[in-house]
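The structure comes first, then the notes.

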Amino acid sequence: MKRSERQREIVARLRSGMTLSVTGLAVDLDVSDETIRRELRTLEEQGAIIREHGGARLAAPMFEGPLMQRMEENAEAKLRIARVAAEFVDDGAIVFIDSGTTSCFVAKQLVERRALTVITNSLQVANDLGGINHNKLFLAGGQVDYDYRAFSDHSAQAYVAGFTPHLAILSVGAIRVDRGLMDYHPGEAAMSRIAYATAERVLLGADSSKFGRQGLMQTAAVRDVDILVTDKPLGEEYARAFAHAEVVIAP
């Protein structure tokens, strides 16, 4: 088998979404472990895969789909995260909630809270929390992005920058120890930067699929997160990176 054919076969096997071991791939393709390691190094340099200890997985594509489609991805994990994240929000709190899918799940868990002041750029969050329980809602305006059902242009960014919330509840597109927190949408990335700069504390909701992914642009450093809520225990490298933060694993 030629190298190009072997590399295509590796990528095809990784499309299952599972992390495959070097040894398992070597047995399947009838080559040595070192040959597989060489192919994985090449594929990683091309951005096609992400190498992990003893194996590899397919790299996530550097784009995101419409909101409703993304709401269905890892929905069970996001719901578990949202239930825990909501416990950090008391009645009367001033919160910024971004337009990421995990944040939208959190908003749905806050419908029993009273007298919240909610700042958001998300139509979904505004729909869920506006007009109930004596809440005050401040919705950033501007040009709507229909895929995200959100406002994130310069007008919306300037509006959100004027607030100083007690807590910012944020989602994220990707997390890497060496690159920090990343997103795929320029406007949403800018919104995140504003929230990190203006909020007293930042709660990041991130399911395990976000770790090790490569995003399009950086939004913040790992050290900027005050509270991390995720669905699975962190690996050793990420546990060290988030050692400064309060890390909660959603049951």
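Glu-246 and Arg-201 form a salt bridge, with N and O 3.9 Å apart (a salt bridge is a side-chain nitrogen of Lys or Arg within 4 Å of a carboxyl oxygen of Asp or Glu). Glu-246 belongs to strand 15 (residues 246-249) and Arg-201 to strand 12 (residues 201-205), so the pair ties together parts 45 residues apart in sequence. Strands (E, at least two residues) and helices (H or I, at least four) are DSSP runs numbered from the N terminus.

Glu-246 is partly exposed, at 38% relative accessible area, and Arg-201 is also partly exposed at 38%. Here buried means under 20%, exposed over 50% and partly exposed in between, with a 1.4 Å probe and protein chains only.

The model is predicted: local features need pLDDT of at least 70 and side-chain atom pairs 80 or more, while totals for chains, interfaces and linings use all residues. Residues are numbered from 1 along each chain as its sequence is written, and side-chain values use heavy atoms, without hydrogens and water.

## Other salt bridges

The count comes to twelve salt bridges. In one of them, Lys-108 pairs with Asp-128 at 3.3 Å between the closest N and O atoms. Lys-108 lies in helix 6 (residues 101-108) and Asp-128 in helix 7 (residues 123-129), so this pair ties together parts 20 residues apart in sequence. Lys-108 is partly exposed at 36%, whereas Asp-128 is buried at 15%.

## His-185

His-185 sits in the loop between strand 11 (180-183) and helix 9 (186-198). His-185 is buried, with a relative accessible area of 16%.
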